[in-house]
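Hi everyone, thanks for making time for this.

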Amino acid sequence: MPSYDSVLSEIYEVLQPFAKEGQSLSEETELVTDLGLDSVQVMELLLQIEDRFDVSIPLNIMPDMRTIKDLVLRLIAIVTQPQ
Amino acid sequence: MTIFAKFQTLAANRAELLASGINPFGVVIEQICSPTEGVVNGHRVILVGTNNYLGLTFDPDCIAAARTAVEMQGTGTTGSRMANGTYTGHLALERELADFYGYPHAIVFSTGYLANLGMLSTLTGRGDVILLDADCHASIYDGCRMSDAEMIRFRHNDVDDLEKRLRRLGERASNTLILVEGIYSMLGDRAPLADIVAVKDRYGAYLLVDEAHSLGVLGRHGRGLTEEAGVEDRVDFIVGTFSKSLGGIGGFCVSPLPELELIRYATRPYIFTASPSPAVIASTRAALRILATHPELQERLWSNARHLYQGLQALGYTVGPEPSPVVAVIMSSKEQVLACWHYLLEHGIYVNLVLPPGAPKGACLLRCSVSAAHTPAQIEAVLEGFATLRDTVLAVQEAC
């Protein structure tokens, strides 16, 4: 089972290109409000995360993923449970 | 904070558009002169954005059938088939659709949008999985959202990505419905259907193909990509619409599976809405007969489609991935596409404006749709319009 910190670190890597110049990321950073991701970018982000972790992320859970921390927790749940 | 707070971004975008003096989403076609010509802002325009693929909206047989139906059966059914009764025309159209596809079962819905909503919200439920192509139409996404099934996207037209996701599902693959389209509505490309069918068979999943933009367009008999790819006996559900090649309004699903008849009793977008009016049913039946017996319409459509696609390529435009009656011209920015769309309309050419997130990958498009009813001279006139657009608006923008 991957640790929270290792997943968080990988998510930071994936998200860094989406961050605004000079913006630092934290667990409480909000994907839409703070990063300003539009629906197209969110979908692209999702694909990148799916590739990196070799999982399929159901779109149904997207409304519950507000912050980076939400994303990490859901991802750990998906990675550790058989789909 | 009010219930309208969520519309702030939309309101700002709308205000920006209106301030530019262009309202692309408020175009009024003051007069519709033929399947390919109308009057907008007092000027005659060539319609190259109507999805009227076979040009049947003014067909005399379709009009006569609709007129007779109105006179004999009235203007509307005033209710749903479940609650208020089925007209014989509804049953006849379902039988004719089933015969046309060579499947035993068919359901008619009141619109194409409702056909997807009705099928997807009912076919799958909690515990099931939907694997949908990322570029699927909004009606497919909306139907999936209503279903309570787990909804997973795969990369557009990427069979390896689809297979990877089926493999991850393990035993749940047999509870999975794969969703693809015959021709995708924005870029005009078709699904690699034979390969998709092979994968779905390998994993024991189900497959629904939306042929909204491919009915009457692909296949020797006009039955769509499923016919063209030679997989009609291996597809579980085909959804389509009457509002494009058939020139009316409505939708349908046909299937070789007897369970389709059960869906009729459970699908809320069928049960709780008014059934198609007699005139719509009559004109659609006439249009389906024409589609099935006039292959020259499809030939003319493709001749026009290739003419426009190749002509735009020759002018240096970036177009969709393959020739198709949906010809997408890909522009570089929102400002550019707005200026170009406006220029074309002012010069007598109506195409569809597509702004992000309406097209895949956030693209800005001038979306054209070709008709069998376009004359070669009209296609030439459209190309001339695009040529002067390139030499004026685009040349100025490049120089800046």
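**A loop, some helices and two sheets**

Let me start with a loop in chain B: Asp148(B) sits between α6 (138–145) and β6 (150–154) of chain B. Please keep in mind that this is a predicted model. For background, most residues other than glycine have a negative phi, and most peptide bonds are trans.

Pro357(B) lies in the loop between β13 (352–354) and β14 (364–369). The peptide bond leading from Pro356(B) to Pro357(B) is cis, and its omega is near 5 degrees.

Now to chain A, and a word on confidence. The mean pLDDT of chain A is 88, with 98% of its residues at 70 or more. Which helix of chain A has the highest confidence, and which the lowest? Helix α1, residues 4–15, is highest with a mean of 93, while helix α2, residues 39–53, is lowest at 88.

Let's see how these helices pack. Two packed helices are described by the angle between their axes and the distance between the axes. For α1(A) and α2(A), the angle is about 135 degrees and the axes are 11 Å apart. Because of that angle, α1(A) counts as oblique to α2(A). The crossing is right-handed. If you want to find the contact on screen, look for Val7(A), Glu10(A), Ile11(A), Glu13(A), Val14(A) and Leu15(A) on α1(A). Across from them, on α2(A), are Leu45(A), Gln48(A), Ile49(A), Arg52(A) and Phe53(A). Sorted by type, the residues of this contact are seven nonpolar, one polar and three charged.

Helix α1(A) also meets helix α3, residues 68–80 of chain A: their axes come within 10 Å and cross at roughly 120 degrees. So α1(A) is oblique to α3(A). This crossing, too, is right-handed. On the α1(A) side, the contact is made by Tyr4(A), Val7(A), Leu8(A), Ile11(A), Tyr12(A) and Leu15(A). On the α3(A) side there are several residues, among them Ile68(A), Lys69(A), Leu71(A) and Ile76(A). How many residues of this contact are nonpolar, polar or charged? There are 12 nonpolar, no polar and one charged.

Back to chain B for one more helix pair. Helix α7, residues 159–169, and helix α8, residues 193–203, have axes that come within 10 Å and cross at roughly 10 degrees. Why do we call α7(B) roughly parallel to α8(B)? Because their angle is roughly 10 degrees, and angles under 35 degrees count as roughly parallel. From α7(B), the contact uses Val159(B), Leu162(B), Glu163(B), Leu166(B) and Arg167(B). From α8(B), we have Asp195(B), Ile196(B), Val199(B), Arg202(B) and Tyr203(B).

On to the sheets, both in chain B. One is an open sheet of four strands in the order β1-β2-β3-β12, with mixed pairing. Its edge strands are β1 (29–34) and β12, each pairing on one side only. Let's step across this sheet. β1(B) and β2(B) run antiparallel and are joined by four bridges, and Gln31(B) has Val39(B) in β2(B) as its bridge partner. Next, β2 (residues 37–40) and β3 (residues 43–47) of chain B are also antiparallel, over four bridges. In this pair, Gly38(B) stands opposite Val45(B). These two strands make a hairpin with two residues between them, and Asn41(B) in the turn has a positive phi of about 50 degrees. Last, β3(B) pairs with β12 (residues 349–350) of chain B in the parallel sense, over two bridges, with Ile46(B) opposite Ile349(B).

The other open sheet has seven strands, ordered β4-β10-β9-β8-β7-β5-β6, again with mixed pairing. β4 (105–109) and β6 are at the edges, and the twist averages 20 degrees from one strand to the next. At the β6(B) end, five bridges join that strand to β5 (residues 129–133) of chain B, and the two run parallel. There, Val129(B) stands opposite Glu150(B).

Key. Residues are numbered from 1 along each chain as its sequence is written. Chains are lettered from A and ligands numbered from 1 in the order in which they are written. This is a predicted model: local features need pLDDT of at least 70, side-chain atom pairs count only at pLDDT 80 or more; totals for chains, interfaces and linings use all residues. Side-chain values use heavy atoms; hydrogens and water are left out. pLDDT is the predictor's confidence in each residue, from 0 to 100. Axes are lines fitted to C-alpha atoms, for helices over the stretch in contact, and angles run from 0 to 180 degrees between N-to-C directions. Angles under 35 degrees count as roughly parallel, over 145 as roughly antiparallel, 65 to 115 as roughly perpendicular and the rest as oblique. A crossing is left-handed if the near helix is turned anticlockwise from the far one by less than a right angle, and right-handed if clockwise. Contact means heavy atoms within 4.5 Å. Ala, Val, Leu, Ile, Met, Phe, Trp, Tyr, Cys and Pro count as nonpolar, Asp, Glu, Lys and Arg as charged, and the others, Gly among them, as polar. Two strands pair if DSSP finds at least two bridges between them.
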